[in-house]
Amino acid sequence: LASSIQKTHGGAFSKVEVKLLMDRDATRRGIHDGLLWLESKMTDRDVGVVFMSGHGTRDPRGSFHFVPIDVDERDPAG
């Protein structure tokens, strides 16, 4: 997906920036920092794409949580 989006550079979009988090970098902190990075780059004239692929779990109340690599299984909401 990242390479497909990068190919639009110079075509549909004048500038394309991609931040890819994989495996060990997909920690709670890494994901949070990636979203902050996106926020710092975006203006009201930009298009942002967030694609997340991974695992999830439900807490005892049934709420779903996306699970980063460093999840505390006893506290998925944390």
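A surface patch here is a group of residues that each have over 30% relative accessible area and no salt bridge, with nonpolar side chains joined within 5 Å. With that in hand, let's look around this predicted model.

**View 1. A nonpolar patch on the surface.** L1, F13, V47, V49 and F51 together make a nonpolar surface patch of about 530 Å². One of these residues, L1, lies in the segment before helix α1 (2-6). L1 has a relative accessible area of 55%, so it counts as exposed.

**View 2. H65 and its surroundings.** Find H65 in strand β2, which covers residues 64-67. H65 is buried, at 17% relative accessibility. Leaving aside residues up to four places away in sequence, H65 touches H55, G56, T57, D59, P76 and A77. With D59, the side chain of H65 also makes a polar contact of 3.0 Å.

**View 3. D59 pairs with R61.** Side chains of opposite charge can pair when their charged atoms come close. In the salt bridge between R61 and D59, the closest N and O atoms are 3.9 Å apart. D59 is buried at 10% relative accessibility, whereas R61 is exposed at 74%.

View 4. D33 and R29 form a salt bridge, with 3.1 Å between the closest N and O atoms. The two residues sit four apart in helix α2 (residues 28-41), so about one helical turn separates them. D33 is partly exposed at 32%, while R29 is exposed at 60%.

**View 5. D72 meets R74.** This salt bridge brings the closest N and O atoms to 3.3 Å. D72 is partly exposed at 33% relative accessibility, and R74 is exposed at 76%.

Technical notes: Residues numbered from 1 in each chain as written. Predicted model: local features only at pLDDT ≥ 70, side-chain atom pairs only at ≥ 80, totals over all residues. Heavy atoms only, no water. Patch = residues over 30% accessible without salt bridge, like charges linked within 9 Å, V, L, I, M, F, W, Y side chains within 5 Å. Areas by Shrake-Rupley, 256 points an atom, 1.4 Å probe, with all protein chains shown as cover. Salt bridge = Lys/Arg side-chain N within 4 Å of Asp/Glu carboxyl O. Buried < 20%, exposed > 50% of the residue type's maximum accessible area, 1.4 Å probe, protein only. Polar contact = N/O pair within 3.5 Å; in protein donor to acceptor, adjacent residues only side chain to side chain. Contact = heavy atoms within 4.5 Å.
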